[in-house]
Amino acid sequence: MSKIIKFAGFDPSLRNFGVVTGSLNLDTSEITDVKIQLIETQAGDKKTVRTNSDDLRRAGELWRGVKPIVDKVNIVFAELPVGSQSSRAQTSYGLCLGVLACIDKPIIQLTPNDIKMYVGGKKDTAKSVIIEWATRKHPDAGWFIKKVKGEVTMLNKNEHPADALAAVYAGLGTDQYSQAVAMMRAFF
């Protein structure tokens with residue numbers, strides 16, 4: 001009998017935290033029941049709220065969005081943020097790592113380059129290519145669209161759940177995933 005587990009994929013960001021969830025067959029690596037979502041936070045008014053207080057509020061919003069998802073899954077795949085070009089970006093990086101550090105499930109860690117290489121075969125694979133790949137792979141996942149005069153257009157904010165989905169697929173080929181599956185099999 002096949003062993004099916006629940007998974008989540010995350011593309012963490014302070015403003016747009018990409019999420020994908022679904023079912024994973026441990027025997028075949030088939031992914032089904034894929035659904036996407038985006039946990040969005042907005043910066044507060046800098047004139048009335050200290051930046052660090054606002055960051056704390058936003059980190060709390062992210063965790064309150066992520067925790068119920070984590071509670072329902074067996075494994076998490078996450079694109080870990082890397083480096084930054086400014087102190088503000090570094091703050092976002094730290095807050096996202098803090099949210100990920102609170103997860104009490106196995107986390108398969110991937111870099112942005114892992115995801116780009118998996119989808120496009122090169123380190124400079126464009127976001128649009130990743131979105132196109134993801135929406136083709138799981139067209140019924142609930143992608144964000146805009147309809148104008150009957151024409152459907154994919155929205156750019158799909159980049160975050162698309163990266164989360166690519167993290168799952170790229171993660172299936174890692175040693176870290178193989179080790180986690182070996183441990184899970186002992187409990188299923």
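Reader: What makes the pairing of the side chains of T41 and R58 a polar contact?

Author: In this predicted model, the side chains of T41 and R58 make a polar contact at 2.9 Å. T41 itself lies in the loop between β3 (31-40) and α1 (51-71).

Reader: Why is T41 called buried?

Author: The relative accessible area of T41 is 1%. Buried means under 20%, and T41 is therefore classed as buried. Setting aside neighbours within four places in sequence, T41 is in contact with L14, R15, R58, E61 and L62.

Reader: Why is Q109 called partly exposed?

Author: Q109 has a relative accessible area of 43%. Buried requires under 20% and exposed requires over 50%; 43% lies in between, so Q109 is partly exposed. Q109 is placed in strand β5 (residues 107-110) and touches A78, L80 and Q176, not counting residues up to four places away in sequence.

Reader: Why does I145 count as partly exposed?

Author: The relative accessibility of I145 is 45%. This value also falls between the limits of 20% and 50%, and I145 therefore counts as partly exposed. I145 is found in strand β6 (residues 145-148).

Reader: Which residues form a nonpolar patch with I145 on the surface?

Author: V152 and M154 form the patch together with I145, with about 250 Å² of accessible area together. Patch residues need over 30% relative accessible area, and I145 has 45%.

Notes:
Residues are numbered from 1 along each chain as its sequence is written. This is a predicted model: local features need pLDDT of at least 70, side-chain atom pairs count only at pLDDT 80 or more; totals for chains, interfaces and linings use all residues. Side-chain values use heavy atoms; hydrogens and water are left out. Helices (H or I, at least four residues) and strands (E, at least two) are DSSP runs, numbered from the N terminus. Buried means under 20% relative accessible area, exposed over 50%, partly exposed in between (1.4 Å probe, protein chains only). Contact means heavy atoms within 4.5 Å. Patches are made of residues with over 30% relative accessible area and no salt bridge: like charges are joined within 9 Å, nonpolar side chains (Val, Leu, Ile, Met, Phe, Trp, Tyr) within 5 Å. Accessible areas come from the Shrake-Rupley method with a 1.4 Å probe; for residues, only the protein chains shown count as cover. A salt bridge is a side-chain nitrogen of Lys or Arg within 4 Å of a carboxyl oxygen of Asp or Glu. A polar contact is a pair of N or O atoms within 3.5 Å; within protein, one must be able to donate a hydrogen and the other to accept it, and residues adjacent in sequence count only if both atoms are side-chain atoms.
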